[in-house]
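Welcome! Take a moment to look over the structure below, and then we will walk through a few of its features together.

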Amino acid sequence: MNELMRGQDKIVRCGWCGTDPEYVKYHDTEWGRRVTDDRVIFEKICLEGFQSGLSWITILRKREAFRRAFKGFDAATVARFGEREVKSLLADASIVRHRGKIEATINNARMTLAVQDDVGSLSKLIWSFAPIRKQPIPKKYADLRSSTPESVALSKELRRRGFKFVGPTTVYAAMQSLGLVNDHLGGCQIRRKCM
């Protein structure tokens, strides 16, 4: 995989998105952009959990199906899911049918509501773990880490609060996606838009 790629539109991007239009759109318009909406944060945490062991493009291609299956990732709605919904989701071939991840999503909806009651919003909790010091600009993939002290600390806090499928690597991927860190490579033209 190339570190950087110039697309047909002449934009230089991180090479991981390749040329797949859906992946390019995600790279250009979402990854690394600041997100503070609790619904979107809940969705991204859940999708990162589903991605564990799979490629992100697999999850991205199924995202609309996940949104349909999990009622737009409305935490209050998902928190009311029971065994009947779990069985239905396990039969839904349009999503990743993994009982542990499905049950974790339902659990995490309940924990999201608890966090909202406790601190006001999931966003407030998540963003309290944003790195304070300026991060070095990654120039190549080898500069990127799979976890950081902040993702380890956030993972511990989420698990302490009862969240599941939120290990440090999964949490760091969510931090990248939610814009807590900007891991676009230095030569990527989209990086500036995420600053």
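Predicted model: local features only at pLDDT ≥ 70, side-chain atom pairs only at ≥ 80, totals over all residues.

In soluble globular proteins, nonpolar side chains tend to be buried together.

What does Phe 70 touch, leaving aside residues up to four places away in sequence? Its partners are Phe 50, Val 78, Phe 81, Leu 89, Ile 95, Ile 102 and Thr 105.

## Two helices side by side

Let's turn to H2, residues 38–51, which packs with H7, residues 99–119, at an angle of about 150°; their axes are 10 Å apart. Because angles over 145 degrees count as roughly antiparallel, H2 is roughly antiparallel to H7. Their crossing is right-handed.

On the H2 side, the residues that meet H7 are Asp 38, Phe 42, Cys 46, Gly 49 and Phe 50. Facing them in H7 are Lys 101, Ile 102, Thr 105, Asn 108, Ala 109, Thr 112 and Gln 116. Sorted by class, this contact has 5 nonpolar, 5 polar and 2 charged residues.

## An enclosed helix

Now find H10, residues 168–178. Of its 11 residues, 9 are buried, so the helix is largely enclosed by the rest of the structure. The buried residues run from Thr 170 to Leu 178, with Tyr 172 and Met 175 among them. They pack against H1, H2, H8 and H9. Just after H10 comes Gly 179, with a positive phi of about 85°.

How values were computed:
Residues numbered from 1 in each chain as written. Heavy atoms only, no water. Axes fitted to C-alpha atoms, helices over the stretch in contact; angles between N-to-C directions. Helix = DSSP H or I, 4+ residues; strand = E, 2+ residues; numbered from the N terminus. Parallel < 35°, antiparallel > 145°, perpendicular 65-115°, else oblique. Left-handed = near helix turned anticlockwise from the far one by under 90°. Contact = heavy atoms within 4.5 Å. Nonpolar A, V, L, I, M, F, W, Y, C, P; charged D, E, K, R; others polar. Buried < 20%, exposed > 50% of the residue type's maximum accessible area, 1.4 Å probe, protein only.
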